[in-house]
Amino acid sequence: NFLEKSINPNRGNKNVLVGKDGWLFFKRDNSIENYQNIKLFTKEELKRAAYYLNSIEQWARKNGKDFYYVISPDKNKIYGEYFPSSIYKTKPDSQSRANQLIQYLRENTQVKVIYLADVLKNHKEDGLLYYKNDTHWNSLGSYIGYLEVMKEIQKNNPQLPVLTNLTWKKTKHTRGDLTNLLG
């Protein structure tokens, strides 16, 4: 069993997918199917999500508040090139669950949606945005996400200040949540 796992680290592990160049990806909750754009929402799931989010939006509007639904993409949507070569997309990301939901919400509600996939992809050359061994953004990824959300919020609230020109130390992230799940 040890020899088999050292030859194929993805065999037998139900939590973590070992990718190229030391990248780790979450395996559960249909994560691989989500990356491949195989498992889409049913019409009923879209209706339930829209009803729920629309009720929040209506409450916020009734109470003089703005509501924004922010979708943070899974790491595999930004760094899918590090997936094992044997796993590939069956449909383009334009046909993803996130884009399916966004389209449904735009056609059936007044919910303002902010999907951060494109902005994060556009900033990959600025440095790593997610930890290689974790499901979470690092400081740079978080900051880029924050700036995009604030850009959208400022369209209706230009008086809100935005934190800019922040600096932070680069730290080594040795024990990410995926490292822990890998054992």
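I call a residue buried under 20% relative accessible area, exposed over 50%, and partly exposed in between, with a 1.4 Å probe and protein chains only. I am working on a predicted model, where local features need pLDDT of at least 70, side-chain atom pairs count only at pLDDT 80 or more, and totals for chains, interfaces and linings use all residues. Residues are numbered from 1 along each chain as its sequence is written, and side-chain values use heavy atoms, with hydrogens and water left out.

**Overall layout**

I looked up the secondary structure first. I take helices (H or I, at least four residues) and strands (E, at least two) as DSSP runs, numbered from the N terminus. The protein chain has 8 helices and 4 strands. Along the sequence I read α-β-β-α-α-β-α-α-β-α-α-α. The protein chain has 183 residues, and 38% of them count as buried. I count a contact when heavy atoms lie within 4.5 Å. Among contacts in the protein chain with a separation of 6 or more, 68% join residues 24 or more positions apart.

**Helix 3 against helix 5**

Two packed helices are described by the angle between their axes and the distance between the axes. My axes are lines fitted to C-alpha atoms, for helices over the stretch in contact, and angles run from 0 to 180 degrees between N-to-C directions. Helix 3 (residues 43–62) packs on helix 5 (residues 97–108) at about 60°, and the axes are 10 Å apart. That angle makes helix 3 oblique to helix 5. For the label, under 35 degrees is roughly parallel, over 145 roughly antiparallel, 65 to 115 roughly perpendicular, and the rest oblique. I noted the crossing of helix 3 and helix 5 as right-handed. Right-handed means the near helix is turned clockwise from the far one by less than a right angle, left-handed anticlockwise.

Which residues make the contact? Helix 3 supplies K43, L46, K47, A49, A50 and L53, and helix 5 supplies Q100, L101, Y104 and L105. By class I get 7 nonpolar, 1 polar and 2 charged residues. Here Ala, Val, Leu, Ile, Met, Phe, Trp, Tyr, Cys and Pro are nonpolar, Asp, Glu, Lys and Arg are charged, and the others, Gly among them, are polar.

**T109**

T109 is buried at 14% relative accessible area. A polar atom of the T109 side chain lies 2.6 Å from the backbone oxygen of L105. The backbone nitrogen of V111 lies 3.1 Å from a polar atom of that T109 side chain. Leaving out residues up to four places away in sequence, T109 touches A50 and N54.

**L129**

L129 sits in the loop between helix 6 (117–122) and helix 7 (139–154). Is L129 buried or exposed? L129 is buried, with a relative accessible area of 0%. Not counting residues up to four places away in sequence, L129 touches residues including Y79, L120, W137 and I144. I also checked I78, 51 residues from L129 along the chain; their C-alpha atoms are separated by 8.8 Å.

**K91**

I found K91 in the loop between helix 4 (75–78) and helix 5. K91 counts as partly exposed, at 30% relative accessibility. K91 touches Q36, N37 and L40, again not counting residues up to four places away in sequence.

Most residues other than glycine have a negative phi. D29 has a positive phi of about 55° although it is not a glycine. D29 is exposed at 67% relative accessibility. N30 also has a positive phi, near 60°. N30 is partly exposed at 36%.

Terms used. Polar contact = N/O pair within 3.5 Å; in protein donor to acceptor, adjacent residues only side chain to side chain.
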